[in-house]
Amino acid sequence: MGMSVTISAATEQDAESILKLQYLCYQSEAELYGDYGIEPLTQPLDSLRAELAGGTVLVARLGDEVVASVRGAVDTDGTARINKLIVHPRMQRHGLGGRLLDAIETRLGAEGTAKSFQLFTGHRSERNLRLYRKHGYEPVSQERVGERMTLVTLAKGADTGVYATSA
C-alpha cells in the first residue's frame with residue numbers, strides 16, 4: 001500500500017504540475033505577508049518552462065503525482081542559488097523538503113563548480129528558516145522588499161557546511 005516518494009530531474013511535461021503545486025504552496029506565504037502578488041503566484045508557464053530548460057529543476061513524485069519541487073543554478077562566481085523549494089501541504093513535516101534540499105545541493109555540487117549555496121525566504125517564514133538552519137545555512141543578509149516583507153538570505157559553503165558569503 002505505501003508508495004515511496006522518488007526524486008528525479010523534472011521534465012518539460014512536469015511544467016504545469018509544478019506551476020499548479022507552486023500556486024498551492026505559496027498561498028500560505030501570501031497569507032502570512034498579506035501579499036497575493038508575490039512572484040511565485042504570478043509566474044507564467046512560459047517563465048517556468050524557461051527555468052526547466054536553463055537550470056536544474058527536481059521533482060518528488062508519489063506515484064505519478066508531483067508532490068514537491070526545487071530549482072537551482074550555479075552562477076559564474078560559483079554560488080549555487082536554490083529557490084522555490086515547495087512541498088504539497090499534505091506531504092509537509094515528513095522530511096521531504098530536507099531530502100529535496102540535499103538532492104539539489106548534490107546535483108548542483110556534482111560538477112565541482114559550486115563554491116557555496118545560497119537561498120532566501122521571508123523573515124516570518126519560521127518553518128523555512130528552521131529547515132534551512134537545520135541543513136547548515138546561516139543568515140548572511142536581509143533586504144526589505146516591501147511594507148510587510150524582508151527577505152532573509154542564507155548561505156553555506158559547498159564542502160564544509162559552513163556558511164560563506166558571496167559577492
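**Exercise 1.** Identify the bridge partner of Arg 71 in E4, and state in which sense E3 and E4 pair.

*Solution.* Step 1: Arg 71 has Asn 83 of E4 as its bridge partner. Step 2: strand E3 (residues 65–74) pairs with E4 in the antiparallel sense, over 6 bridges; two strands pair if DSSP finds at least two bridges between them. Strands (E, at least two residues) and helices (H or I, at least four) are DSSP runs numbered from the N terminus. Step 3: the two strands form a hairpin with 4 residues between them, and Gly 78 in the turn has a positive phi of about 90°.

The model is predicted: local features need pLDDT of at least 70, side-chain atom pairs count only at pLDDT 80 or more, and totals for chains, interfaces and linings use all residues. Residues are numbered from 1 along each chain as its sequence is written, and side-chain values use heavy atoms, with hydrogens and water left out.

**Exercise 2.** Describe the surroundings of Ala 30.

*Solution.* Step 1: Ala 30 lies in helix H2. Step 2: Ala 30 counts as buried because its relative accessibility is 0%. Step 3: leaving aside residues up to four places away in sequence, Ala 30 touches Asp 35, Tyr 36, Ile 38 and Leu 41 (heavy atoms within 4.5 Å). Step 4: Ala 30 and Leu 41 are 11 residues apart in sequence, and their C-alpha atoms are 8.4 Å apart.

**Exercise 3.** Characterise the lining of the largest pocket.

*Solution.* Step 1: a pocket is an open set of points on a 1 Å grid over the protein atoms alone, where a 1.4 Å probe fits, with protein on both sides within 12 Å along at least five of seven lines; lining residues have an atom within 4 Å of a point. Step 2: the lining comprises 38 residues, with Glu 29, Leu 85, Thr 121, Asn 128 and Tyr 132 nearest the centre. Step 3: H6 contributes the most, with 7 residues. Step 4: elements that each supply at least two lining residues include helix H2 (27–33), strand E4 (79–87) and strand E5 (116–122).

Key. Buried means under 20% relative accessible area, exposed over 50%, partly exposed in between (1.4 Å probe, protein chains only).
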